[in-house]
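I opened the file to look up a few local points. My notes follow in the order in which I looked.

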Amino acid sequence: ITGGGSGIGLATARRFAQEGAKVVVVDMDPKGGQAAADEVGGIFVKADVTNADDVANMYKVAFDTHGSIDIAFNNAGISPPDDDSILTTGIDAWRRVQEVNLTSVYLCCKAVLPYMLEQKRGSVVNIASMLGMIGATPIKQANYSASKGAVINLTREMALQWARKGIRVNSISPGVVNTKLITAPLRYSGSMHERPTSTMLPRRF
């Protein structure tokens, strides 16, 4: 589970452990990642998911420890304050969000597929967002929305390509979730639940 030290990743680690899975928590934050791994009886691997060597290593550790990789949960993502209108988002900010939110999914899928193809089974779950399918309001997140839309279509492509090899590839597009990504002060000045819905166009969903 990438980004497993907090938010959706941590909640997923807890649920997977409850269901009997042997969990490998991956995170950039050693304190949060290790705490999550200790809580669920798993192991922690520190990794930068935009770095191909780190990604290869985290799967190697998982395989060497447990003998198989049955589920890859690609969850790591960012939504920094400088991801704003397309008119004000600089190229460095654009590249950083795309690297973490999209390129990391590419790297993780590319690295884990050989293990699953050898096993002739496996499940890849990519975390996208509802903003990959609709526009963001009242906040402006052109970069984040673009990255998550790409994750959805990458998932569709992979699902079609690998289904006959016994590998399922799916994406999940969460709505507003009470995590640090959403509740950062620069993101909302009002209620995190009221602001998005109060300005949403009728029948937008």
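Helix length. I looked up helix H3, residues 52-66, in this predicted model. At 1.5 Å a residue its 15 residues should span 21 Å, and I find the end C-alpha atoms 21 Å apart, which agrees.

Burial on H3. I asked which residues of H3 are buried. They are Val55, Met58, Tyr59 and Ala62. These four cover an arc of only 90 degrees around the axis, which puts them on the same side of H3. I then looked at the face turned away from the buried side and noted the exposed residues Asp53 and Asp64 there. For what covers the buried residues of H3, my list includes strand E1 (24-27), strand E2 (43-46), E3 and helix H4 (91-119).

Ends of H3. At the N-terminal end I found Asn51 as the cap. A side-chain oxygen of Asn51 lies 2.9 Å from the backbone nitrogen of Asp53. After H3 comes Gly67, and I noted its positive phi, near 85 degrees.

I picked Ala47, which lies in the loop between E2 and H3. Is Ala47 buried or exposed? Its relative accessible area is 3%, and the cut-off for buried is under 20%, so Ala47 counts as buried. I next listed its contacts, leaving aside neighbours within four places in sequence: Val26, Asp27, Met28, Asp54 and Met58. Met58 is also one of the buried residues of H3. For Asp27 I looked up the separation from Ala47, which is 20 residues in sequence and 5.9 Å in space, C-alpha to C-alpha.

Pairing of E3. I checked E3 against strand E4, residues 122-127, and found 4 bridges in the parallel sense. Within this pair, Ile71 stands opposite Ser123 in E4.

Notes
Residues numbered from 1 in each chain as written. Predicted model: local features only at pLDDT ≥ 70, side-chain atom pairs only at ≥ 80, totals over all residues. Heavy atoms only, no water. Pairing = 2+ DSSP bridges. Helix = DSSP H or I, 4+ residues; strand = E, 2+ residues; numbered from the N terminus. Expected span 1.5 Å × (residues − 1). Buried < 20%, exposed > 50% of the residue type's maximum accessible area, 1.4 Å probe, protein only. Arc of directions from axis to C-beta. Contact = heavy atoms within 4.5 Å. Polar contact = N/O pair within 3.5 Å; in protein donor to acceptor, adjacent residues only side chain to side chain.
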